[in-house]
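Subject: Handover of a structure and findings on its charged residues

Dear colleague,

Please find below the structure I am handing over to you. My notes on its charged side chains follow.

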Amino acid sequence: MGQKILDIKDFSFRDEVGDPFIIRMHHLDNYPKGNGKMGVQKEELKHKNLGEDFDFNSPFKMYYGKDVPGFPVHPHRGFETITIVLKGFVDHSDSAGLTGRYGNGDVQWMTAGKGMQHAEMFPLVYDDKENTLELFQIWLNLPRKNKFVEPHYKMLWNEDIPIVKEINENGNIAYIKVISGSYKDTNSLDPNPDSWANDKNNNVNIWTIHMEPNSSIDIPKISPTLNRKLYLYKGENIYIDGAEIKNSKTINLNGNEQIKVTNGDEDSYLLLLEGEPIGEKVVNYGPFVMTSMEEIHEAYRDYEKNHFGGWPWEKEGPINPKEKERFAKYSKENIVYPKK
């Protein structure tokens, strides 16, 4: 048997996951009550560096927002974003004039492809209670042949994403939410058509895992080339191969070994990212992920020339009406809501 745990390090806001992924980000912001317009009340904004607020010592960050927190219009090319919203809401707007609101377990899968602009704003929809936001955003690379595909986005609604209930020999339960790939005989919803994850041979598995006390799961052996990371982002401790791993850790695991994860005496929450490498050169510069610096320069030239189709919205950080429930607008005629 090979070594199961390859490396352990502290969990952080941002992690360079490794091929086929680029980065993983974790946002946790305890936003206060809203100001009636889905923004932060003025007295809460004192001492904030508005327009570029990444103060990790603060209970919440405004990021590039000035009233409503979030990420106003910015471009991407050459990769995909997978946004898993655990708590709170995100308002999406893009250069094609498409929009949506998603949250509380929903996942947005967006292929930037040849180039698009979008905004991701975090509306404070509640005025009578705090607006906690927690999400993961994962950047998944596109192979060279797909870097110039047409942009595409879709919603994976929380109600539709399969969850496997794993009960061990002692009756303890773990819940595996299969966002991409499969767990045992349960397959995920389809990823975007041009995604590296769309070929099952690439073994792109993305799971969020809730482990009740003393529960356990088995992560199967796949291949010696697989890159596999497990993030323990909330909980007291877990055990892998006899080793105790305490909360807030990033665990690099062997993809060619079956891994048994056993939880401690408190609920634990984990994220698994794994996949076969694309095996091409990766150049990540700002909002673009290409295979050479010349392609990065070309992306900037194209963006300066045509802004990837322009920006059809009046504001740089549009938000949907406060009373709007979760939805995805894919065209004027195609507006989709989650099942009730």
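Asp 15 is buried, at 2% relative accessibility. Please bear in mind that the model is a predicted one. The side chain of Asp 15 forms a salt bridge with that of Lys 9, at 2.9 Å from N to O; Lys 9 itself is partly exposed, with a relative accessible area of 38%.

A second salt bridge links Lys 249 and Asp 10, whose closest N and O atoms are 3.3 Å apart. Lys 249 belongs to strand S21 (residues 249-254) and Asp 10 to strand S1 (residues 5-10), so this pair ties together parts that are 239 residues apart in sequence. Lys 249 is partly exposed at 22% relative accessibility, while Asp 10 is exposed at 54%.

Glu 166 and Lys 184 also form a salt bridge, with 2.8 Å between the closest N and O atoms. Glu 166 lies in strand S12 (residues 163-167) and Lys 184 in the loop between strand S14 (182-183) and strand S15 (186-187), so parts 18 residues apart in sequence are tied together. Glu 166 is buried at 14%, whereas Lys 184 is exposed at 55%. Through shared partners, salt bridges join Lys 9, Asp 15 and Lys 229 into one network. The structure holds 15 salt bridges.

Asp 91, in strand S6 (residues 89-94), is buried, with a relative accessible area of 0%. Its side chain makes a polar contact of 2.7 Å with the side chain of Arg 101 and reaches the backbone nitrogen of Asn 320 at 2.7 Å.

Yours sincerely

Methods:
Residues numbered from 1 in each chain as written. Predicted model: local features only at pLDDT ≥ 70, side-chain atom pairs only at ≥ 80, totals over all residues. Heavy atoms only, no water. Helix = DSSP H or I, 4+ residues; strand = E, 2+ residues; numbered from the N terminus. Buried < 20%, exposed > 50% of the residue type's maximum accessible area, 1.4 Å probe, protein only. Polar contact = N/O pair within 3.5 Å; in protein donor to acceptor, adjacent residues only side chain to side chain. Salt bridge = Lys/Arg side-chain N within 4 Å of Asp/Glu carboxyl O.
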